[in-house]
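Please open the model in your viewer and keep the selection panel at hand. The tour below moves from one stop to the next.

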Amino acid sequence: MFEGWPPPILDPAGPYAGSIATLSWILFAMAAVVMIVVLGALYLALFGRRTIQSKLGGKTVIWLGGVAFPAVVLTILLVYGLSLTRHLSSPVNGNELRVRITGEMWWWRVAYLDQRGREVIQDANELHIPTGRPIVLELESADVIHSFWVPRLSGKLDMIPGRRNLMRIQADAPGIFGGQCAEFCGGAHALMGFTVIAHEPARFARLIEARRKREREAPADGGTGAQLFETAGCAACHRIAGTGANGLAGPDLTYVATRRTLGAGILPNNRGTMIGWIGNSQAIKLNNKMPPYTVLSAEQLTELAVYLESQK
Amino acid sequence: MTSETGFDPKLYDRFPTAEARSQSEVEELERIWAAPRGWRRLTIVNNNYVGLWYVATAFLFFLLAGVLALVIRTQLALPLLGVLPQETYNQFFTMHGTVMMFLFAVPMMEAIGVMLLPQMLAARDLPFPRLSAYAFWAYFVGGLCFFCSIFVGLAPNGGWFMYPPLTSTTYSPGINADFWLLGIGFIEISAIAGAIEILVGILKTRAPGMTLARMPLFAWAMLVFAGMILIAFPAVILATLLLELERALNWPFFDATRGGDPMLWQHLFWFFGHPEVYIIFLPAAGLVSMMVASLAKTELVGYQLIVLALLGTGFLSFGVWAHHMFATGMPTLSVGFFAAASMSVSLPAGIQVFSWIATLAVGKPSYNTPTLFVVGGLVTFVMGGLTGVMVAMVPFDWQAHDTHFIVAHLHYVLIGGAVFPVFAAFYYWSGMASRRRLSERMGRWVFWLMFAGMHITFLPMHLTGLMGMPRRVYTYLPGKDWEWTNLLSTVGAFILAAGILLFLIDLARNFRFTTENDVGNLYGGGTLEWLPTGLYSTRSIPVVKSRQPLWDDPKLARHVAEGRYLLPYSATGRRETLITSPVRAEPQYLQVMVGPSVWPFLGAVFTAGFFLLLTVQAYALSIACLPLATLSILRWLWDTDRQVPQKEVDVGAGIMLPTYVTGPRAHGWWATICVLVVAGMIFLMAVFSYLFVYGIHPSFWTIPTDRWWAFPVAAGYAAGASLTLYGRHLMGREGASKWSPTAALLFASAFIIASFATDWFTWQAQGFDPEVSAQGAFAQAMLALEGQMIAVIVLMAGYLAARTASGLVTRPRNTTFDVVSLFLLYTAAQGTATAILLRFFPASG
Amino acid sequence: MLAEVSGRLACEGRIGRTDSLPLFAVTGGAGDKSACGIANMIEGVSQVRGRGASLERQCGIMEGHRFALAGIELAGNPAHLRMVSTAVGKSFHLPFEISRIESRQARRASAVSPAVEPMADEAGVVRSCPGAAERDDPAILGEPVKRPRLGHGAATEQRRADKKDVDAHRSATVKRGRMFRFLALAPLLLVVGACKPPPDQRYFMPMASAAQGKAAIERVGCGSCHTIQGIYWPQGKVGPKLDGLANRALIAGRLPNRPDVLASYIRNAPALLPGSSMPAMPVSETEARDIAAYLYQEGEH
């Protein structure tokens, strides 16, 4: 139809977003009907024939158009909307896959939970889910209020300090779904993106299994890049499982090479962006919490990038 | 026909009187009401001037915030533009929202009220002219200084709803947020002052015979508006107070790590914030209702229904605040309640829309600028209302919330519901204040440019939102398909701006301010503001027999100008107006008014100085401003509440009215009650906050140990209250000495102060550190609220003593005495409630 | 007001360039894009570069640019009014390109100095181009996943995967063409136009494709360190801005500014210039040449 059609809200990829998309169409239809009625009445009032005008000019019209008509329409909508609300926010069973997503200024901490609620796999800015089953997201915040929103999978839900909000998402088919922080959270709010990747269940199971394994084992020696990672100060804020790097202030980099994006959904992940981000991320995403590393030489940057490109 | 006050309605039949009146009476009125010239203009308190300044200032802020919007739109025209860097953009959009809501919309409605209401009600002026002047100057000085923060890069940057913890010192260490909190807190005080003025003005200064059922709809709307301000603004005053305390003293009201809750801010803010939207819409709807009738040259269809709708909107709007918080994970049950309430608000709106349509159908509307703006506003508002219904559907809101869809929705509602009506009103009522009429031809251009620009800007913005663009982003990445809708919106914004620019040109060419030789009734309105007026309003105050008196009695204007109605002269030789009863508008007494004074101006400047210097952390200067502001205000009050030698005067046709009354008949009593309502609402909100935070994080709370101190404290307050009542009794008793009632009140104050001191010190002894837990912080804050009242009591006691010494506290009745005793009673009650709440809640661990 | 604000910001050093006024950047970019697109079209017609690009398609692109150029160049710069008065809608590239193709001029192999050729390995760049698909995916899966665009773009991208037969640059050009057709309709946005002289002969690299150079720049992410004309995101500030490259005497202040040197420098800067703060980039020889061509073409001011 045109660039950007259908918009993601009307192009759902799962049942939760799907029912909202249906609701949206119903609401658009309602709005169109009401608009036609009002505009029609207004047109007749201004330009209609005298007989029609005299019919329009009475309290009956006010009662019919202003009270009865909206009351009926709104009651129907309300009943439908509330039942949908109940359905969408019905309690979780407890055996769904759970992922804890914590909003940080201005990125997302992701932790896959086991059945007992322990964090078993750490990641950031990217969420892998299996298709065809609901996933429960535990939304938390580490600093200010953020809002988690992947429009093609579900509506948004705020991440509020001191609270834990539960949200369910589900994708019907494999795909990549973009999202973005929706609640103004200061400086770089505009550049706080997120990616959800849905896999076939079997693939997803393999991925999780591989990552569990990776969490348990130390990786092969990373060479000079690994040393540099620790000596240059990266390790103070970033974690790479099984190595000496265990900082928690910044995104976990254990699987950074597998990510589609850098800088929380804003840059493609490649050699140049990796080096550029390390060298001076402030020039790309102003005010983010990572300091510029302009002291590193070209060789050092390359070594770091090569090392990080092996983290998968 | 029954009477409200015992006034005999048959007396109305004496008007219009037959005998001719002398011209010297008019000259005397002109002399009494003449406005000072030159530098002394600053002392003007008359509503014709203050109202126009007020409108002009509000319009200036509309333009300033509009310029911000243009820059914002330029920045968003294409992805990754660099017009506004991140931080500046964040300041710009925060200021755009804040200025439009707090410095344009609400003040504009108040300004139009100040300007039109006295004329519409045929009062000589509003009942507290100096309060209007104070409210205006406070707004003017405070607003301009607040706006200037953007020129030095210190403007608030946390969004117009300033959600903590983003706005706490941890994440906003600069003074930007303090500018918002103190600046806006201060401007809210000005808004409340204006609201009290308007509320009392509408209830007490209507022309005789203008019963509530004959009141112009704008007055009805302003009545609801003022009532809503009194109830809604305290919530945000408390919220700003708490957040400022958190920032300044590290008291954790909103800090989840110490038992506070960031959601509390949202509840308090939106308890104000949503009624705020209707606070803006209702007066505009009132204006439209009046204009529609005049433009269609017919009585409005469904007057009672509209009144019902206004009241219904006012009532329902307090039940919908949480629909701004659907995405915060509220329980399903409360979500359902708020969704239902939000939808039901559209019923009153529907009533108004259809009664305007019905009126247009009955009458013969002509094609002119106000009609265009009214019809255009109606269409736009309906569209905004429909998207409003959409987002009241909770699941849809989960998608649309905080996206550009909402930005589009709110601009549709506010521009359609308030801006277009205000422009219509500019054209419709410009005849009252200008020697020349505004250009009709240009007016149509203005309308079409604004209308087209508005829709080009905001219609595609719905789609931008659906395509996933969140609001408040300073830029966006290419490749998201948001480019073309954004570019379209930017183009539309400039078209809209072109329309407004054209309007400014029209104003510059044709608007010539005058209070006497105005062009008058351009569109054939039938209400009292179209009577011939001077600075003293109408020469005589007509008796109103219908809703459109000018249509029903073609001779009315002539008779009024000839002085054939009430008060065709100055009965006491001073500024005065007729005070009537609230429901049936029966004449009750003649209010003698104070004239021009520099003290409201100085009071406003010093109050603004106090708040703004506090913001920039110039503490010494700021503290120095406080006594100056207090002294200025007391000095202005000193002139008020004076009795004149004539106890009763003839207001025309032999009707004798007293010149001084007290108690519920007096306008001062009503204003005091309004102030106490505001204080009470602040306290209620504090109690709500206290209980709310306890409910969220009970584990942070401990039970106070020595609870029994509540009883002596309460007893002390009770003693104070009893003494106050005894003082009131002494006042009315024959033979008591000059000082005895005052002394009783002074002793009462002493008791109350002592109780508060006991409460304070015994609470401190319990060791609840306000920096450690929310409980400690809230307890301290509630004590501080009470302490604020105590400070007022101290001032009042001193003021009362001084007036007694000067012999101004007249027996057997005195308004100042009344006011002080009401404050004492209220403070005692609030103090008792505070002491009991703090010590007996939580009741058990 | 706008000027005032941006002026103020510039004074405060809040925005680096005073010319970062959006309108300027946009229209400047438009001129570049259009010219680039037309040049590309001509190459496409003569050599059928790119997959499935038909003649009609190319003409469509041309049409698209004509509007933009007409609007922008006419409104933008009075000099253009004179220069393009007869042939509105034609870029200055056009006569040059056409004459070259028509004369079937032999394509000169670009002389990359063999001395600076094989250094990639030393700098730790084993593969000349780490496979995008390979790194894209969790290694254990080995499933090829297309590299997405960002945020919601990712979503749209996937849905449009089937439309992806036109190469990335062309679709971008078409898109921008559309956008600028719209821009031309909005004269109030056309404040400043870009003036674009014909390219300098020294840097003419017929074997290289600036369009593919742009794609390579986007793929390896040069923009995260350099602000490059025509690359809108990201615009890093670690390295120098790369506009005006054609007019510079030296590369990195030390090397002669020649196409071959530039291409080698792009591939392995530390090898040519030990101590250079620019790392070696994982691009092939051809890609490096394409990138050089793009930089010369875009940066000639």
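Begin by selecting Q617(B), which sits in the loop between α18 (599-615) and α19 (619-638) of chain B; helices here are DSSP runs of H or I with at least four residues, strands are runs of E with at least two, and both are numbered from the N terminus. This is a predicted model, in which local features need pLDDT of at least 70 and side-chain atom pairs count only at pLDDT 80 or more, while totals for chains, interfaces and linings use all residues. Residues are numbered from 1 along each chain as its sequence is written, and chains are lettered from A and ligands numbered from 1 in the order in which they are written.

Although Q617(B) is not a glycine, its phi is positive, near 65 degrees. Is Q617(B) buried or exposed? Q617(B) counts as exposed because it has 10 C-beta neighbours inside 10 Å; with C-beta atoms placed from the backbone, 12 or fewer others within 10 Å make a residue exposed, 20 or more make it buried, and anything in between makes it partly exposed.

Next, select R472(B), in the loop between α14 (440-466) and α15 (483-510) of chain B. R472(B), not a glycine, has a positive phi of about 65 degrees, and R472(B) counts as buried because it has 22 C-beta neighbours inside 10 Å.

Then move to P812(B), in the loop between α23 (774-805) and α24 (815-840) of chain B, where the peptide bond from R811(B) to P812(B) is cis, with omega near 0 degrees. Finish at P842(B), in the segment after α24 of chain B, which a cis peptide bond joins to F841(B), with omega about 5 degrees.
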